[in-house]
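Please consult the sequence and structure shown here while reading.

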Amino acid sequence: MSHRRDFITGTAGTLGAFALAPVGRIANSMEAEPALDEWLGTELRRLGTSADAATLAEDEAFWARIRRAYALHPGIVNLDHGWTNPTPRAAVDEVARGARDLESLPADRLPRVWEEVTTTKVRAALAEAMGVPPAEIALVRNATEALDTVLLGLPLAAGDEIVCSAHDYYAMLDALEQRRARDGVVLRMVRPPVPAPSLDALTETYEAVIGPRTKLVLLTHPSNLTGQLLPVARITAAAHRVGAEVVVDGAQSLGLATESVASLGVDYYGASVHKWLGGPVGLGVLWMRPAHVTKVWPLIPPGPGTEGMGRFEWIGTSPEYVNPAVLPALQLHETLGAERKAARLRYLETYWRTKAAAALPNARFYTAAGGTMSCGLCTIELPGTDPKPVQRRLLERDRVLVQAMGNARAPEIRGLRVSPNVYTTPAELDRFVAALKAAAG
């Protein structure tokens, strides 16, 4: 499947005598530590059914071994993986190797990497991680580009309504406000309760504003502001009952959600690969139901005759060497599995929440406890404090990185978002809670 402009494939034939560097080597996702992939496979086979995901979540020796696949900053406790995950050392090495190789002869390497690796191996591996056919995804640069393709490209008329939330990602709301100014659409913005008492309450919040003029519903799964998971399938059913379509921002769930994208029942789905799939920065993915492909306008016009999801992939010349480096990260993700990763993050969330609640009895959590309400991403508010100076103090004094949350659209959000990774240790979380207590005092 080829979706780049003709000049790319044309140059490949002319310069085909030059051999592409052996990118096949990156199939071993643990080149930086050759024994790790073998150990991981052996260990998971040994555990088998004797240790379910919840039990393995507490096995610190296991996750310490996984940590060795990464070259992490030695002086910072990173609890801001909700922005972007570090990518494995093998992926970093592949970015560097790929850049050197591509820049040695870019007129040859650009088209060959696309044809021989990106549109074949990377597309197939990413589609498998999502549980969808490879032909149903477009490879883009990030979740913002993926979702803006739908938000700005779906045909709508003045007076058509889009349902969204004050807790959606700011870039998506920026796009919707531009659409309102340009086309006269109406934004019906919900304001979910914080914390939401139940998934039923969240469903009812959306159902109350979905009506006969609703054409599109934007759902963020979960919210980057609060960590709240949404009952996507239930809200989607309500939207479909009135003939509306649903687009899901899966930036914070792809790589952790155990259900496939196709099983959600939605119409469009966009995500970044640099979050919980652990790829290097520079690749995102857009999925949509095949019936919708021809009616959505691409952000950048594709070449004449371009069909299918390739209509949304053309961006001009880009750093193609980034894409093959996703393969080591996807291999590690596939071996670990979303269920094990999600269980580990829920365990770590429960661990630090319990400690923080005991140390700071006035603290407020933006999601209710329990596996159905969040998945490792949690925001804590210290009443009476401004989260931004607290965030700066934690980083500068205690060398702990979290994210201060809140914006003009959601002034009720005034907290610190805490997002560990699977390799985060309880000792690091103890350090964070102690620093937070000191900052609150």
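## Overall make-up

A contact means that heavy atoms lie within 4.5 Å. The model considered here is predicted. Among contacts between residues at least 6 apart in sequence, 75% join residues at least 24 apart.

The secondary structure of the protein consists of 14 helices and 13 strands. The protein has 441 residues, of which 55% count as buried.

## Two crossing helices

Two packed helices are described by the angle between their axes and the distance between the axes. For helix α5 (residues 89–104) and helix α6 (residues 106–130), the axes come within 6 Å and cross at roughly 125°. Angles of 65 to 115 degrees count as roughly perpendicular and those over 145 as roughly antiparallel; α5 and α6 are therefore oblique to each other. On the α5 side, the contact is made by D101, L102, E103 and S104, and on the α6 side by P106, R109 and L110.

## Aromatic pairs

How many aromatic pairs does the count come to? The count comes to 6 aromatic pairs. One of them joins Y169 and Y170, with 4.6 Å centre to centre and 50° between the planes, and is tilted. Y169 is partly exposed, with a relative accessible area of 27%. Y170 is likewise partly exposed, and its relative accessible area is 44%.

Another aromatic pair is formed by W352 and F432, which are edge-to-face, at 5.6 Å centre to centre and with 75° between the planes. W352 belongs to helix α12 (residues 338–359) and F432 to helix α14 (residues 426–440), so this pair ties together parts that are 80 residues apart in sequence. Both W352 and F432 are buried.

## Cysteines

How many disulfides does the structure hold? The structure holds 0 disulfides. A residue counts as buried if its relative accessible area is under 20%. C375, with a relative accessible area of 11%, is therefore buried. C378 also counts as buried, because its relative accessibility is 0%.

Notes: Residues numbered from 1 in each chain as written. Predicted model: local features only at pLDDT ≥ 70, side-chain atom pairs only at ≥ 80, totals over all residues. Heavy atoms only, no water. Phe/Tyr/Trp six-rings, centres within 6.5 Å; stacked < 30°, edge-to-face > 60°. Buried < 20%, exposed > 50% of the residue type's maximum accessible area, 1.4 Å probe, protein only. Helix = DSSP H or I, 4+ residues; strand = E, 2+ residues; numbered from the N terminus. Disulfide = S-S within 2.5 Å. Axes fitted to C-alpha atoms, helices over the stretch in contact; angles between N-to-C directions. Parallel < 35°, antiparallel > 145°, perpendicular 65-115°, else oblique.
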